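Open the model in your viewer and keep the selection panel at hand. The tour goes from the surface of the chain to a single residue.

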Amino acid sequence: MRSDGLIEVRVAARQREAEGIDSFELAAPGGGALPAFAAGAHIDLHLDGGWVRPYSLCNPQDGGRCYRIAVQHEPSGRGGSAAVHAQLRPGSTLRIAPPRNLFALQDGTAPVLLLAGGIGITPLLGMAQTLHAAGRAFALVYCSASERRAAFAGALRRAPWAGRTTLHHDERHGRFDLAGLLAAQPAGTHAYVCGPAGFITAATACGWPAERMHVERFAPAPVPQAAPRTGAIEVQAGRGGPVVMVRADTPITVALARAGICIPVSCEQGICGTCATRVLEGQVEHRDFHLSAREQAQGLMLPCCSWARSSRLVLDL
């Protein structure tokens, strides 16, 4: 591991998994073991051009042999997926952050429903393999626009737990009944949901108990309605630390970085939680899609996107 905490890896393999979706197998250049992880974890890719993007690991823990990710090329996106598809070739090297897990399987014996929409299959694939190996009861439902856009469909059909998997393609089967599926689950089931914003919104609108629904987002939900930002706020780095004036048109993380106070960031959209910071003083206007109500009440905020209701924030930096 480098002094900056990043790991250098080599692209050991690249494979087309579906229309516009490639998987990448990343290994240590010298063949050594990589840091351990559990199903649901993700890594941040540090790419040429300053891109830093999180991607879920889709393989289960395998003794640190490799990390496997799958990336959908989004021509209308912000450029991160295009950079991955352009830069990562077999034999090339890049830097990554060690795995972090904000979407881990909960311990216990409760039944599990894995609910994937599109590229959201990536973290759930590793979860399915982990649950099967542990002998736990689970079902996997994978919804995609069409069969040609369903990554890992062949592997899912060949898996030893294929009988627990439902593949639904809107083009062939029509709109999937998420509400009916959730209503039919055994008592106590925990649902793990990953996919596009609209898919997650539909799933979370079905009245499922929040404590048993675990969500991982790849893109923001519709932006909550909030009053426009006006003026500027003061942000202080720790009690007695430097004070930075932050204009309404500038993210807090950007303003602090310009002043030499760097908070780690990744998605910069309030999705991944990388920049989570504790607030020591001040009132926060939360505009993220990651923190739970409990985490917000405990004083956490995502300064990449959230703002202040007060004129001043003191952050634990």
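The model is predicted: local features need pLDDT of at least 70 and side-chain atom pairs count only at pLDDT 80 or more, while totals for chains, interfaces and linings use all residues. Residues are numbered from 1 along each chain as its sequence is written, and side-chain values use heavy atoms, with hydrogens and water left out.

Next, colour by burial. Of the 317 residues in the chain, 48% are buried (under 20% relative accessible area; exposed is over 50%, partly exposed in between; 1.4 Å probe, protein chains only).

Switch to a cartoon. The chain has 8 helices and 18 strands (DSSP runs numbered from the N terminus: helices are H or I with at least four residues, strands E with at least two). The radius of gyration is 20 Å, close to the 20 Å of the globule rule for 317 residues, so the chain is as compact as a globular protein of that length (C-alpha atoms; the rule is 2.2 Å times the number of residues to the power 0.38). Along the principal axes, the C-alpha atoms fill a box of roughly 60 × 50 × 35 Å.

Now select Ser-146, in the loop between β8 (138-144) and α3 (153-158). Is Ser-146 buried or exposed? Its relative accessibility is 2%, so Ser-146 counts as buried. Leaving aside residues up to four places away in sequence, Ser-146 touches His-169 and Glu-171 (heavy atoms within 4.5 Å).
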